[in-house]
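Here is a short report on one model. Please look over the sequence and the structure first.

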Amino acid sequence: MKIGISYFGVRNPEWVRKDMKAIKEAGFNCVLHTFAEEDLQYYPQTMKEIIALSNEEGLKVYVNPWGVGRVFGGEAYSELAARNSEMAQVSLEGKPLVAACPNSTFFRSYISEWIEAACKCDIETVFWDEPHFYFEKGKPELHTCGCKVCSEQYREQTGKEIPKVPDDEFKAFKQRSLISFLAFATEQVHKFGKRNSICLLPPWFPAGLENWDEVASLPFVDEIGSDPYWEKGDSLEKVQKMYGETSEKIANLAKKHGKEAQMWIKNYHIEAGTEHFAKEATEIASRAGIKNIFAWSYLGSKYMDYLRSENPELVWKTQIKAFSLAKARNFSV
Ligand SMILES: [Zn+2]
């Protein structure tokens, strides 16, 4: 069974080694290191060192393009679209956004550079985290992308102009665009001899990737997963429903396409008194037959105050216990 935790924010290898030892001792066998635009620009050799020492400590390594181009999830800044306006996504009202367009050839060449740097490190898997077209919570009127490239491609594919109000045909275009981008990226990773994992935003987000079957059927996708995180104030029943439905969907898709299934457990923004939600979510994923479960993030996300849980130590302890129970259950099956 794969048990993993995400890790970010520390770039001093001496401290990272101490944390990797602690992660291994807590029973994990995988770690996900974030690899943001900043890492590619300022820390490529340090990242290589951090990844190498994680392996030395007995952890298999996943890396994700954290917040890169804002096409992927994460609390990392992205300056790609600001520095290269030709790759920016544009809202249907014509406003350039701080996100790169997955259809842009400039963005794709940046991603190629990122893949090469990441795959030169001793990683096992590239984790394509929540690929999406830009959206903002609470702004349902904001739709993308109406950039020059998308407008031309849409015209070529449909013979029409992009509608001002998105319709099903435009939604299908977004799906095709993200599938094309993922096909491009995963093939390159595969050529470097590394694995591809794709984590899909749960369906209640307007990501643009509605058909998960097409994602799972991509030839170089090795693993498919999701992260149906609960919001503050959600009930345990809601968590059970979200994790139950999503785990089953992922497990079925993986089985159908011969891929590995992965689920993510929320370990940030956990309100005091709801730490057991993480245990429950882990158990639900495990009972759905998923043998690859990760949590976000190390120590209940204690060291990033924006994500910190109210009682991060208890979240960490609860998650470790939940994983140990899942491993025992898996062993006994
Ligand atoms: Zn575009």
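## Zinc site

Which arrangement do the 4 donor atoms around the zinc ion make? The arrangement is tetrahedral, because the donor atoms subtend angles of 98 to 115°. Four donors count as tetrahedral if all angles lie between 85 and 135 degrees. The donors are the SG atoms of Cys 101, Cys 145, Cys 147 and Cys 150, at 2.3 Å. Donors are N, O and S atoms within 2.8 Å of the metal (3.2 Å for Na, K and Ca); water is not among the atoms, so sites may look incomplete. The sequence spacing of the donor residues is C-x43-C-x1-C-x2-C.

This is a predicted model: local features need pLDDT of at least 70, side-chain atom pairs count only at pLDDT 80 or more, and totals for chains, interfaces and linings use all residues. Residues are numbered from 1 along each chain as its sequence is written, and side-chain values use heavy atoms, with hydrogens and water left out.

Cys 145 is buried, at 1% relative accessibility. Cys 150 is buried too, at 0%. Buried means under 20% relative accessible area, exposed over 50%, partly exposed in between (1.4 Å probe, protein chains only). Cys 145 sits in the loop between β6 (125–129) and α6 (148–158). Its peptide bond from Thr 144 is cis, with omega near 5°.

## Barrel

The barrel is closed by 8 strands in the order β1-β2-β3-β6-β7-β8-β9-β10, with parallel pairing. From one strand to the next, the twist averages 25°. Helices (H or I, at least four residues) and strands (E, at least two) are DSSP runs, numbered from the N terminus. Two strands pair if DSSP finds at least two bridges between them.

Strand β2 (residues 30–34) runs parallel to β3 (residues 60–64), joined by 5 bridges. Cys 30 has Lys 60 in β3 as its bridge partner. Helix α1 (residues 13–25) packs on the sheet and touches β1 (2–7) and β2; its direction makes about 150° with that of β1. Helix α3 (residues 44–56) also packs on the sheet, touching β2 and β3, with its direction at about 170° to that of β2. Axes are lines fitted to C-alpha atoms, for helices over the stretch in contact, and angles run from 0 to 180 degrees between N-to-C directions.

Strand β8 (residues 223–226) is joined to β9 by 4 bridges, in parallel. Ser 226 stands opposite Met 263 in β9. Strand β9 (residues 260–266) is largely enclosed by the rest of the structure, because 6 of its 7 residues are buried.

## Two buried residues

Ser 54 belongs to helix α3. Ser 54 is buried, at 0% relative accessibility. Its side chain reaches the backbone oxygen of Ile 50 at 2.7 Å. Beyond four places in sequence, Ser 54 touches Met 20, Val 31, His 33, Leu 59 and Val 61. Contact means heavy atoms within 4.5 Å.

Val 68 lies in the loop between β3 and α4 (80–83). Val 68 is buried, with a relative accessible area of 0%. Residues that Val 68 touches include Phe 35, Phe 107, Tyr 110 and Trp 114.

## Backbone features

A cis peptide bond joins Trp 296 and Ser 297, with omega about 10°. Ser 297 lies in the loop between β10 (292–296) and α11 (298–301).

Glu 130 is not a glycine, yet has a positive phi of about 55°. Glu 130 is in the loop between β6 and α6 and is buried, at 14%. His 269 also has a positive phi of about 55°. His 269 lies in the loop between β9 and α10 (276–287) and is partly exposed, at 21%.

Methods:
Tetrahedral: all angles 85-135°; square planar, octahedral: opposite > 155°, others 65-115°. Polar contact = N/O pair within 3.5 Å; in protein donor to acceptor, adjacent residues only side chain to side chain.
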